[in-house]
Amino acid sequence: MQQQQGNRFFFNVDWITVLIYIALCAVGFINIFASVPPEKSAIFNFNTLYGKQLIYVLTGLVLGLSILLFDGRVFNVFSPFIYGGTLLLLMAVLVIGNKVAGNQAWIAIGSFKLQPAEFAKFGTALLLARYVGSFNPKFRDFKSIAIAALIVGAPLVLIMLQPDTGSALVFLAFMFPLYREGLSGYFLLIFLGMIVLFIADFLVPTYILILIITAVAGLFIYNNRRKQKIIFSTVLVTVLAIGYLFLIKVAYEKVLAPHQRSRIELMLGLKTDNRGAGYNVIQSQIAIGSGQVTGRGFLEGTQTKYGYVPEQSTDFIFSTIGEEWGFLGCSVVIALYIFLLLRLINLAERQRSTFSRVYGYSVACILFFHVFINIGMTIGIIPVIGIPLPLISYGGSSLWSFTILLFIFLKLDSNRMGFF
Amino acid sequence: MDQLFNRKYIIQGLFIVIALILLGKLFYIQVVSDKYFLSAESNVLRKIYKYPARGAILDRNMKVIVQNEPVYDLMVTPSEVKPFDTLALAQALEISVADVRKKLKKAKAQSAYQATFFDRQISVQSYARLQEIMYRFPGFRTQDRTIRHYPDSIAGQLFGYVKEVSPDDIEKSEGYYKPGDFIGKSGLERSYEDFLRGEKGVINMLYDAKNIAQGSYSAGKYDINAVSGDRLISSLDIRIQRLGEELMKNKVGAIVAIEPSTGEILAFVSSPGYDPNQLVGKDWGKNYMGLLANPYRPQIVRPIAGQYSPGSSFKPVDALVALQDGAIDPNTTFTCPGYYQAGNHKVKCEHIDGTINMQRGIARSCNTYFCHVFQNIITKNGMKNQRQTYAHWHDQIAKWGFGQKLGIDMPFEKKGIFYQADHYDKIYGKRWGYTTVISQAIGQGEITSTPLQMANVMAAIANRGYYLKPHLIKGIGDKKVVKKEYLEKNYVGIDEKYFQPVIEGMRDAVNSPWGTAKESRIPNILMCGKTGTVQNPHGKNHSVFIGFAPMDNPKIAIAVIVENGGFGGSYAAPISSFIVEKYLTDSIKPKANGYTVKAFAETNLLPAIIDKTKKPKPVKTDSISVKKLDSIKKLKDSLKLRSATIKTVSTKPKELKTVLTDKPVIQK
């Protein structure tokens, strides 16, 4: 017991997760190093991207370890304040934020730049966990769903106002923890259906879609012709789906910005534009594809070295991995992520408190959204959405916010035998 | 543990499915498809071509006649251009500021990242001025390359021109030519393109996304050095080429001179000519359009593309074939009453000579004599077998090169017209005989030949029975290789013994008091020749002379055609004599009759331009349309005036002189 008391702070920490965390940070550092033009990497320099990233990684590690020093209960208790604080930051950024590339997403404090959207993720995760943990709603009633939607929706709307669609999209990840806690699977199905219809609406003429939907609904009603309730809900769903189809048309033209529209059209192969909007995606795919099985080798990637992929150290860092380390390297990175995600889910499931479990699920699903959207974007299966690859992409805000997100959970997990 | 616990597996399953989708796409673009790998290579790898110097061309005395000259282009890479002092650049280039803007806009439209031409062939002065202030214009650079230069400004049609490749050329070359390469488009530049162009060098360079060079690929392991083009030694003698062009000034026509023993072409004059330097560099388009607009059509290479009736110059061949066939012997005589009666039609003779033999018939160019010879040849196997006999005769004549390409090393050689018996069958059925085609006896009617073919006939006679294919290049590269086909003798099927009487007749044509070319006698040199006066339905007759010299051991065979020159003896023969004399003695002695090169050079024989738009005459190219028994009137003229280019009615050249006598106008 004396020994346990001696390193009480680090007692029961899941070091395997920490190792994966360090491994991913290392992958990030190595590939950011490779993305810097060769002449600038000759001497180690803290003003270069990799130099700064090293500082971010080290400070991130310190930050993570210091989180472990807290008492896990703090996060539960203070979650409303943390959430409130991040909301305030999100509002502040709309007023005093720096505009970078059309997005008002940064608050500059001296030379230090803060991206509130990154921190809003764990604020939201904490409050959602607190809500579910305290009231144990099963999401069978409108009220509980509305409260959860409000908790997630408030930061989401504020982020949309920046506008930073990519970061806002990540908040949809909270659907999964809610699903785990009892939200009907139909919500996921409806969500999936909306995505499918959205894409189908671009590829197939609307009237054919309507015919198909009506035909399927008709068949379904015919098979269940004795069950009035099913007939009623099917008709409702059909009408909503058709209404949605028309809504897409309007929303697509009125709500989305031109660059977002062209990204979607490029992804669906409806247009090609290798010099303009499609340049990033094409060049990223070329870089990754040219890595072939084993890659060109560390610092040997010509597309990487000669700057063919824009945003290469940030959102498109995966292209460097693909080019220099090939299919094998990509597989290792994806395996690391999947291992981390599955482990986080398993850790979440072993929690005694609902708070910790919901938080754990939130962490895993946020990471999952980031990984899927980011890698999907670099290989052209998802439209370009500018969100970082967790722990690997260059950038302090992103790295620290993922570190905080993860280490809070690790702290909660180490206290899993505790009192919540 | 509640029932919701199972939802863990759904979520974990989703993670795994998505990961597999990502890996699947990665597997496709990294392992299955090599499209991305190739795109990556083309992203970074640029082949920088090094252009070799094009081969020079020398004349037979090793004087350079085609060489290369450095020129400077101003290139611009629009993406690297920063705001600059447009006025300074405009002043350096001696163009207006508006032009600078226009050119920059044009370059931008072509490519923002590639270097494109801003201004081609800037003057040496501009180049020097620019060198000092170049640092003020980022994104601009000068590039030197070479263009053709012709120090003597002669033989434009012969050399042809070099021009940037067309998309068509690129396709045909199966990848050898790239946009911006140059290729010989006509003349020798075209026919010897493979030797002249040399081998392009390649440097493999790596470029970054901003199109800035980052060094060579694999330390230059795959680079290739440029190899200069082969030097060509031409058979031309620049002295007589220049003389020939001088003599043909203000005349339409051609001169071809051949060294009989080798088939090497000594002079190749096409008139009107042009300065080959016109068709070089940036003024190409303007000057080329100028040539096209010239109603005398200087772009026609008349020695091989002009098709003229050989006229009386055909008679020696006639005589030789008749002798070989036994249709006549050298002493056969015919009586000339001043015409020859061919069925219901008379072939006129220029004189009434009474009874003459072959030697005199040649010297006097007697139409009657040769119509009889032709009659004898075609009817020798009986009146009923005329068709077969004609076919045999056709084959004998064809051996001399009539009606076929001689295979000169120049593109676009014409065959001339010389019909097989079948042709007449088509028009007349079985009902035709020697009278139908009698005009061929005197080289008129349905027979045309190029000046090259005529000169070649002379070479064959000079050689007493064979010719070597005429050619313009006698040595390729340092080893002085000659194409094998130009070393083979082509026999014309006449025994050597028959040549002497014919050659004597040709000697008399020039050297006897009764000869048709007696005014063209060269002191101390026995030139043999034959005049021809080609009937021309469009205007004054064409003056033709073919010959060779000296009579024994001939060194030069020549054919001269002066369109609208009248009698063969009036222009073509004297011009030939000057060239032969110059070639054999390297000088021209004053003539007893007062003929001078200067006088001939100054004589203007350009025909008046007739506006054919007024009364369009169908040009009969199809032989089927030649229905009449006597087709003399259906002659074609090499000077087919295109109605489109001619606006005015009869714009007579100022110095046009109508030569009435067979003597040229001598200017004292």
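This is a predicted model: local features need pLDDT of at least 70, side-chain atom pairs count only at pLDDT 80 or more; totals for chains, interfaces and linings use all residues.
Two strands pair if DSSP finds at least two bridges between them. One of the residues involved is B:Tyr207, whose bridge partner in strand 9 of chain B is B:Ala213.

The pair belongs to an open sheet of three strands in chain B, arranged in the order 1-8-9 with antiparallel pairing. Strand 1 (45–50) and strand 9 (213–216) of chain B lie at the edges; each has a single partner strand, so one side of each is left without a neighbour in the sheet. Neighbouring strands of this sheet are turned by 40° against each other on average, direction ignored.

Strand 8 also takes part in the meeting of the two chains. There, 30 residues of chain B are in contact with 36 residues of chain A. Helix 1 (7–32), helix 2 (35–44) and strand 8 of chain B each supply at least two residues to the side that touches chain A, and the largest share, 16 residues, comes from helix 1 of chain B. Sorted by class, this side of chain B has 20 nonpolar, six polar and four charged residues.

At least three residues come from each of domain 2 (51–234) and domain 3 (238–645) of chain B. B:Ala257 touches several residues, including B:Ile240, B:Ala455 and B:Ile579.

Conventions: Residues are numbered from 1 along each chain as its sequence is written. Chains are lettered from A and ligands numbered from 1 in the order in which they are written. Helices (H or I, at least four residues) and strands (E, at least two) are DSSP runs, numbered from the N terminus. Axes are lines fitted to C-alpha atoms, for helices over the stretch in contact, and angles run from 0 to 180 degrees between N-to-C directions. Two residues are in contact if their C-beta atoms, placed from the backbone, lie within 7 Å. Ala, Val, Leu, Ile, Met, Phe, Trp, Tyr, Cys and Pro count as nonpolar, Asp, Glu, Lys and Arg as charged, and the others, Gly among them, as polar. Domain bounds come from an automatic or database domain assignment. Lists of a residue's contacts leave out its neighbours within four places in sequence.
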